[in-house]
Amino acid sequence: MKKSMLAIILLVGLVVYGGYDLLQKSSLQTGQTKSTDIANLETGTQKGQVAPDFSLTDLNGNQVKLADYTGKTVLVNFWATWCPPCRVEMPHMQKFYDDYKDKDVVILGVNLTPTEKNMEVVNDFVREQQLSFPIMLDQEGEVTQAYKVVAYPTTYILDADGVIREKFQGAINYEVMEKAISSLN
């Protein structure tokens with residue numbers, strides 16, 4: 001009798017734990033995390049991890065921190081002016097930014113500044129493309145290294161809690177951005 005009672009208690013405990021574990025994994029995948037869950041997440045560059053915070057200077061010399069955008073969906077886009085896929089992608093980024101900026105979505109363009117000829121090339125490109133979303137300069141390449149960027153462009157999509165939900169290496173278009181954002185809701 002004691003053994004069968006112990007087996008039943010153990011079985012109920014395993015079922016309860018299994019349900020809890022499934023619920024936790026499901027909430028992380030759908031972006032429905034609580035602040036207590038976020039505190040338990042690892043910081044890193046993989047899906048389901050909290051994106052590393054960073055602070056960079058924008059084109060106007062202002063400090064911009066990723067943490068300033070907590071509560072918004074953020075696309076962190078690593079790019080360079082000399083990169084042909086980046087050039088193709090930028091009009092899509094701008095249109096997406098125009099359409100979604102009033103919906104708590106922001107694009108942070110992180111320029112791979114050490115790879116550029118000079119700053120004038122970056123400024124000319126931004127003017128030519130009429131980019132109005134924040135452009136930040138990774139002058140030492142530290143953020144690019146922290147995010148393990150090996151292909152240009154690379155875009156990370158972060159939910160409102162700063163958790164990485166998608167990562168794209170290579171150019172993406174408007175439809176891909178729209179689909180990725182809609183999957184967060």
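Me: Where in the fold is Pro 153 found?

Reply: Pro 153 is in the loop between α5 (142-146) and β6 (154-158). Helices here are DSSP runs of H or I with at least four residues, strands are E runs of at least two, and numbering starts at the N terminus. This is a predicted model: local features need pLDDT of at least 70, side-chain atom pairs count only at pLDDT 80 or more, and totals for chains, interfaces and linings use all residues. Residues are numbered from 1 along each chain as its sequence is written, and side-chain values use heavy atoms, with hydrogens and water left out.

Me: What is omega for the cis peptide bond that joins Tyr 152 and Pro 153?

Reply: Omega is about -10° for the bond joining Tyr 152 and Pro 153. Most peptide bonds are trans.

Me: What elements make up the protein?

Reply: Six helices and seven strands. Along the sequence they run α-α-β-β-β-α-β-α-β-α-β-β-α.

Me: What makes the pair Cys 83 and Cys 86 a disulfide?

Reply: The sulfur atoms of Cys 83 and Cys 86 are 2.4 Å apart. The cut-off for a disulfide is cysteine sulfur atoms within 2.5 Å, so the pair qualifies. A search of the whole structure finds one disulfide.

Me: Why is the disulfide of Cys 83 and Cys 86 called right-handed?

Reply: Its S-S torsion is about 80°, so the disulfide of Cys 83 and Cys 86 is right-handed.

Me: Are Cys 83 and Cys 86 buried or exposed?

Reply: Both Cys 83 and Cys 86 are buried. Buried means under 20% relative accessible area, exposed over 50%, and partly exposed in between (1.4 Å probe, protein chains only). Buried residues make up 43% of the 185 residues in the protein.

Me: Why is α3 called oblique to α6?

Reply: The axes of α3 (residues 84-100) and α6 (residues 174-182) cross at roughly 40° and come within 9 Å. That angle makes α3 oblique to α6. The cut-offs: under 35 degrees is roughly parallel, over 145 roughly antiparallel, 65 to 115 roughly perpendicular, and the rest oblique. Axes are lines fitted to C-alpha atoms, for helices over the stretch in contact, with angles running from 0 to 180 degrees between N-to-C directions.

Me: Which residues make the contact of α3 with α6?

Reply: From α3 come His 92, Met 93, Lys 95, Phe 96, Asp 99 and Tyr 100, and from α6 come Tyr 174, Met 177, Glu 178 and Ile 181. Contact means heavy atoms within 4.5 Å. By class there are six nonpolar, one polar and three charged residues. Nonpolar covers Ala, Val, Leu, Ile, Met, Phe, Trp, Tyr, Cys and Pro, charged covers Asp, Glu, Lys and Arg, and the others, Gly among them, are polar.

Me: What about the geometry of α3 and α4?

Reply: α3 and α4 pack at about 45°, with axes 11 Å apart. They are therefore oblique to each other. The crossing of α3 past α4 is right-handed. A crossing is right-handed if the near helix is turned clockwise from the far one by less than a right angle, and left-handed if anticlockwise. Arg 87, Met 90 and Pro 91 of α3 meet Phe 125, Glu 128 and Gln 129 of α4. That contact has three nonpolar, one polar and two charged residues.

Me: What is phi for Asp 104, a residue other than glycine?

Reply: Phi of Asp 104 is near 60°, a positive value. Most residues other than glycine have a negative phi. Asp 104 is in the loop between α3 and β4 (105-111).

Me: Why is Asp 104 called partly exposed?

Reply: Its relative accessible area is 42%, so Asp 104 is partly exposed.

Me: Why does Gln 130 count as exposed?

Reply: Gln 130 has 64% relative accessibility, so it counts as exposed. Gln 130 also has a positive phi, about 55°, although it is not a glycine. Its place is the loop between α4 (119-129) and β5 (135-137).

Me: How far apart are the C-alpha atoms of Gly 71 and Asp 104?

Reply: They are separated by 7.7 Å, although 33 residues apart along the chain. Gly 71 touches Asp 104 and Ala 160, not counting residues up to four places away in sequence. Gly 71 is in the loop between β2 (63-65) and β3 (73-79).

Me: Why does Thr 73 count as buried?

Reply: Thr 73 has 13% relative accessibility, so it counts as buried. Thr 73 is in strand β3. Leaving aside neighbours within four places in sequence, its contacts include Asp 104, Val 105, Ile 157 and Ile 181.
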